[in-house]
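Let us walk through this structure one interface at a time. Keep the chains in view as you read.

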Amino acid sequence: MNDLAVRLGVHELIAAYVDCIDEDRLEEWPDFFVEKCHYLITSRQSHEAGYRHGVVYAASRGMLKDRVLALRRANIFEPHRYRHIVGPIRVGKIEGGVAEVRSNFVAVRVMHDGETSLFASGRYLDRIDVSAEPYRFAERLVILDSQKIDTLLVIPL
Amino acid sequence: MNDLAVRLGVHELIAAYVDCIDEDRLEEWPDFFVEKCHYLITSRQSHEAGYRHGVVYAASRGMLKDRVLALRRANIFEPHRYRHIVGPIRVGKIEGGVAEVRSNFVAVRVMHDGETSLFASGRYLDRIDVSAEPYRFAERLVILDSQKIDTLLVIPL
Amino acid sequence: MNDLAVRLGVHELIAAYVDCIDEDRLEEWPDFFVEKCHYLITSRQSHEAGYRHGVVYAASRGMLKDRVLALRRANIFEPHRYRHIVGPIRVGKIEGGVAEVRSNFVAVRVMHDGETSLFASGRYLDRIDVSAEPYRFAERLVILDSQKIDTLLVIPL
């Protein structure tokens, strides 16, 4: 396994992931994860306190799919989009076909009327399955800097 | 054509481009484009509706030069600068000497009195001529997330 | 010295640097610099006017350590954290074991109550010692876009 090729692949995965969300192709979102994955959105405080649950939690690709279905059906929220900016990305240990990766992000939220605001900042702590292509997230922890989680957190981060 | 060398070159072009704008060396800006280029700033809504025109449009390097001249002469706007943050960058298909690239950006605007705000967010959809050095934009579409285009959009994005 | 390896190492250094600050491991921060370093936070206006001093200035690793000690002891400021987003990064001339690098950044500030705001934007102008591992900053100039420096500038940028 070529180290540089893995790095490029990891960057591409992270870029494709935010593109999928920001362009509202949410039905494709679960496919960025392995079947038996771990996805969690939580706050820094909860994460540092060792809590394994957060405001959003999924332990399988099926749960991610359910979430998208619910989000599409409910439709009770005010339409909006995100724009993720990610960087820098750090690729750490690559072992047993899994790469440990962390990156900083901000998500800008754009409401239907065009109102734009800084919605969230934080970091991604990832365990990425790089044993086969396409690369997929085995674990993605979204650690929000602020404990003031917006009630409008419906779209995944 | 080495794929990795092209990727590095594309990153460098995108970085040099925003550096040129953010450091107010606008006279150098047209040189980032091929002679017969296509530059467009538009909103997501207009872009998705298939409109090929936007708030700013240029179909040649000469038109870009005219724009800079007008901007320097007019001087009717309140002095300000941008700071672009770009990332992640995706290099897609490279074919016939042209690379398809897309990236996310935010532009922070800093007014003369130091007032700083989140000005714009969106993505760049690029077709980059990588057949010769220096690389140049054959097409750069600037797709703004918000349809509320600030009337103070004078400096290119 | 392999050019690509240097580039990757520079990216890693910049990522590790902001990770150290954003995760409040400030005691490790001085170790990102060579012993006889130059660290400066200043405004664009001061920098362009050629002033070599700014709101924060250090000419050795020892001075950086003193700064962290003072910051930890004083504790008079309202607790807060930053989240840095950096990109794009440009690696310029690599000569005599030193790489010239520049990058754009924004720092989001998160107060103890979770209040989040765009705190600062600007660029890093770096001279990085790449003659030995780990890479270290010989010089890091933090050029803020705004001359309105927040009085709450205690944590390094």
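Predicted model: local features only at pLDDT ≥ 70, side-chain atom pairs only at ≥ 80, totals over all residues.

How many salt bridges does the rule find across the interface of chain B and chain C? The rule finds 7 there; a salt bridge is a side-chain nitrogen of Lys or Arg within 4 Å of a carboxyl oxygen of Asp or Glu. One joins Arg83(B) to Asp145(C), at 2.6 Å from N to O.

Residues are numbered from 1 along each chain as its sequence is written, chains are lettered from A and ligands numbered from 1 in the order in which they are written, and side-chain values use heavy atoms, without hydrogens and water.

Stay with chains B and C. Here 23 residues of chain B are in contact with 20 residues of chain C, contact meaning heavy atoms within 4.5 Å. About 1800 Å² is buried between the two chains, and carbon and sulfur atoms give 53% of this. Buried area is the accessible area (1.4 Å probe) that two parts lose on being put together, summed over both. Arg81(B), Arg83(B) and Ile85(B) supply 28% of what chain B buries against chain C, more than any other three residues.

Now turn to chain A. Chain B brings 20 residues to this contact, and chain A brings 23. The area buried between them is about 1800 Å². Pro88(B), Arg90(B) and Asn104(B) supply 28% of the area that chain B buries here, more than any other three residues. Arg90(B) also forms a salt bridge with Glu12(A), with the closest N and O atoms 2.7 Å apart. Across this interface of chain B and chain A the rule finds 7 salt bridges. Several elements of chain B each supply at least two residues of the side that touches chain A, among them α1 (3-22) and β3 (80-95). Helices (H or I, at least four residues) and strands (E, at least two) are DSSP runs, numbered from the N terminus.

How are the copies related? A rotation of 120 degrees with 0.0 Å of shift along its axis superposes chain B on chain C, with an RMSD of 0.0 Å. That is the relation of a three-fold axis. Within chain B, Gly87(B) comes closest to the rotation axis, at 3.7 Å (C-alpha). The copies use different surfaces: 13% of the contact residues of chain B recur in chain C.

Technical notes:
Least-squares fit on C-alpha atoms with pLDDT ≥ 70 in both.
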